[in-house]
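User: I am new to this structure and would like to learn how to read it. Can you take me through it step by step?

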Amino acid sequence: MNYNKKTVEDIAVSGKKVLVRCDFNVPMDGQTITDDKRIVAALPTIKYLIDNNAKVILCSHLGRPKGEFNPKYTLAPIAARLSELLGKPVPLAADVIGGDARAKAAALKDGDVMLIENVRFHKEEEKNDPEFSKQLASLAEIYVNDAFGTAHRAHSSTAGVADYLPAVCGYLIQKEIKIMGDALAEPKRPFVAILGGAKVSDKIGVINNLLDKVDTLIIGGAMAYTFFRALGNSIGISLCEEDKLDVAREIMAKAEEKKVALLLPVDNIIGREYKEDTVFMRIYSDSIPAGWMGLDIGDKTQELYAKTLIGAGTVVWNGPMGVSEWSNFAGGTASVAHAVAESGAVSIIGGGDSAAAVEKLGYADKMTHISTGGGASLEFLEGLELPGIACLQDK
Ligand code: AMP
């Protein structure tokens with residue numbers, strides 16, 4: 001797949017109506033935005049288009065309105081926040097492809113910005129319906145995709161519109177594919193991947209792709225116990241995917257064949273039950289006693305992983321080392337976050353829980369790149385073609 005895509009700078013935008021797909025799917029508490037990071041992340045592309053006299057038509061989804069208008073999911077709070085951040089009015093059309101969107105788009109002057117309503121108010125959006133894509137495209141003359149978080153979805157606003165308009169990427173997508181693409185193509189070595197989280201099944205594709213590229217693969221989280229079980233260790237009542245034991249064995253065999261060091265926890269923090277305030281203790285073993293479950297990596301493992309990370313050239317991390325939402329089991333994830341931050345390596349955090357942990361612990365500035373898309377970054381690291389990127393013009 002070619003990740004060398006044309007950007008907003010490679011197309012003449014002056015005086016043109018430009019439809020920009022952003023990811024404004026921000027966390028909300030009622031009508032209040034609780035974290036505007038995604039809106040702020042979209043600003044460089046929007047500002048470039050304004051400064052270069054485009055007529056900017058922004059679009060996004062928010063939540064899951066299930067294909068019909070629902071005031072709970074209106075983009076009105078987003079329009080208000082954008083207006084504050086840009087220091088200029090950002091009118092919101094009352095519809096997506098209807099009369100108000102068309103009238104407001106027709107009234108735009110060079111350098112103006114507007115927002116159309118939540119694209120998921122139409123059920124055709126997620127079906128990538130060609131007629132809906134065509135209607136959406138007819139609002140503009142150029143399409144810019146800057147929503148990395150939804151680039152792994154083939155929807156009308158993320159991919160379908162590109163059938164009808166010249167399509168390029170914004171700065172956010174450009175940055176995501178440049179940093180992750182370079183890391184995969186020409187990593188500074190040693191290249192270390194850290195994979196955690198709950199399920200092997202979610203990450204088989206990434207593990208398989210990364211085993212062809214990395215020098216070391218670090219495993220943590222509940223995923224480790226499926227590997228323990230595949231090795232014949234006792235795992236007590238730890239989370240385990242019984243139907244993935246063969247997959248775990250294949251992964252270990254491939255690692256050996258490729259001479260990739262595969263590191264599993266050597267000690268664990270275990271609890272009596274899957275509860276925040278459960279009784280817990282450390283065990284200096286890679287076997288979990290009957291009636292206990294592994295909920296985090298132990299101190300020795302933290303040390304081992306930190307030592308491995310300090311010398312790394314490139315680090316890719318996806319998934320927590322334990323139940324990091326609960327303070328008693330957050331130590332492993334915090335320790336890995338610290339080690340990655342201090343490693344001096346090119347560090348890429350693949351969205352989701354690991355990104356949240358890094359931000360909460362205050363290490364965000366020390367990372368080379370925190371992906372804005374959890375699912376999208378995983379699919380990217382799997383080597384899959386992302387429809388929202390494949391549809392853009394090659395350089
Ligand atoms: P994922 O979405 O696959 O990255 O998994 C993230 C989830 O894995 C988080 O909600 C963690 O609480 C959970 N998790 C991590 N380690 C464990 C564990 N040892 N036991 C149960 N859940 C875990």
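User: How far does a polar side-chain atom of Glu-325 lie from an oxygen atom of the ligand?

Analyst: Start with pairs of N or O atoms; a pair within 3.5 Å counts as a polar contact. This model is predicted. Here, a polar side-chain atom of Glu-325 lies 2.5 Å from a ligand oxygen.

User: What percentage of the ligand's accessible area does the protein cover?

Analyst: On its own, the ligand has 510 Å² of accessible area, and the protein covers 83% of that.

User: Which residues around the ligand come nearest?

Analyst: There are 17 residues around the ligand. Ala-198, Lys-203, Gly-294, Gly-322 and Glu-325 come nearest. Now sort the shell by class. It has eight nonpolar, five polar and four charged residues.

User: What volume does the largest pocket have, then?

Analyst: About 820 Å³. Its lining counts 36 residues. Nearest its centre are Asp-23, Arg-38, Thr-372, Gly-373 and Gly-374. By class, the lining of this largest pocket divides into 16 polar, 11 charged and nine nonpolar residues.

User: Which helices and strands each supply at least two residues of that lining?

Analyst: Trace the lining back to its elements. The helices are H1 (37-51), H6 (171-185), H12 (352-360) and H13 (374-381), and strand S16 (369-370) joins them. H12 gives the largest share, four residues.

User: Next, the backbone. Which residues does a cis peptide bond join?

Analyst: First the general idea: most peptide bonds are trans. In this model, a cis bond joins Arg-189 and Pro-190, with omega at about -5°. To place it, find the loop between H6 and strand S8 (191-195); Pro-190 is found there.

User: What is the phi of Asn-128, and is it positive or negative?

Analyst: Again, the general rule comes first. Most residues other than glycine have a negative phi. Asn-128 has a positive phi, near 55°. Look for Asn-128 in the loop between helix H4 (124-127) and helix H5 (130-137).

How values were computed: Residues are numbered from 1 along each chain as its sequence is written. This is a predicted model: local features need pLDDT of at least 70, side-chain atom pairs count only at pLDDT 80 or more; totals for chains, interfaces and linings use all residues. Side-chain values use heavy atoms; hydrogens and water are left out. A residue is near a molecule or strand if one of its heavy atoms lies within 4 Å of it. A polar contact is a pair of N or O atoms within 3.5 Å; within protein, one must be able to donate a hydrogen and the other to accept it, and residues adjacent in sequence count only if both atoms are side-chain atoms. Accessible areas come from the Shrake-Rupley method with a 1.4 Å probe; for residues, only the protein chains shown count as cover. Ala, Val, Leu, Ile, Met, Phe, Trp, Tyr, Cys and Pro count as nonpolar, Asp, Glu, Lys and Arg as charged, and the others, Gly among them, as polar. On a 1 Å grid over the protein atoms alone, a cavity is a set of points where a 1.4 Å probe fits but cannot get out, and a pocket is an open set with protein on both sides within 12 Å along at least five of seven lines; lining residues have an atom within 4 Å of a point. Grid points are joined across faces, edges and corners, and a volume is the space filled by probe spheres set on the points.
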